[in-house]
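Colleague: Could you take me through how to read the salt bridges and the sheet in a model like this one?

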Amino acid sequence: MNYLYTLAHSGIGADELAYMTDDWMDWQNELLRVPAVEGDWTSKTEHAARTIPVKHPGTLRRLRDYFGYHAEYGATRQTVTNRVKRVAAETDLRKKITPHVLRHTYGTLIAARGATPQYIRQTMGHADLSSANDYLQYAGTQLDAEAEELW
């Protein structure tokens, strides 16, 4: 469940989660700092290196619990994807759930809660505001309809 919470409440991708280490977290300020380069890790783009406020209490608790015993996730992108799909298969959701869908979930959730396009762009690591505006538009017009369909 750590995987799902972290992906859905931080906006990071499967590859970022796979390489995430305890050093990426600023626990005092509740910030996740995705580096441009760290060891074998290289971000996909210059904008992917970013700082993400992690304010969801469940996500923070799970990350603290996990990194209390481990220094890194130490997984592969495929392992993260497989774990997400396995957990999703155990639910009643009819939609296909992948790490990338959970990333979109984050964008939609923060848009629905009133995030600015700049906040969405920065925390998700997008190069421009057009993707952020897509989340704002989707959250405003589709969120209730899709929730009815899912639940």
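The dialogue below takes the sheet and then the salt bridges.

Modeller: This is a predicted model, in which local features need pLDDT of at least 70 and side-chain atom pairs count only at pLDDT 80 or more, while totals for chains, interfaces and linings use all residues. Residues are numbered from 1 along each chain as its sequence is written, and side-chain values use heavy atoms, with hydrogens and water left out.

Colleague: In what order do the strands of the open sheet come?

Modeller: Strands are DSSP runs of E with at least two residues, helices runs of H or I with at least four, both numbered from the N terminus, and two strands pair if DSSP finds at least two bridges between them. Here the order is β1-β2-β5, with antiparallel pairing. Since β1 (25–26) and β5 (50–53) each have a single partner strand, one side of each is left without a neighbour in the sheet. Four bridges join β2 (residues 31–34) to β5, and the bridge partner of Val-34 there is Arg-50.

Colleague: Which residue forms a salt bridge with Arg-50?

Modeller: Side chains of opposite charge can pair when their charged atoms come close. The criterion is a side-chain nitrogen of Lys or Arg within 4 Å of a carboxyl oxygen of Asp or Glu. For Arg-50 the partner is Glu-16, with the closest N and O atoms 2.8 Å apart. Glu-16 lies in helix α2 and Arg-50 in strand β5, so the pair ties together parts that are 34 residues apart in sequence.

Colleague: Is Arg-50 buried or exposed?

Modeller: Buried means under 20% relative accessible area, exposed over 50%, and partly exposed in between (1.4 Å probe, protein chains only). Arg-50, at 4%, counts as buried, and Glu-16, at 6%, is buried too.
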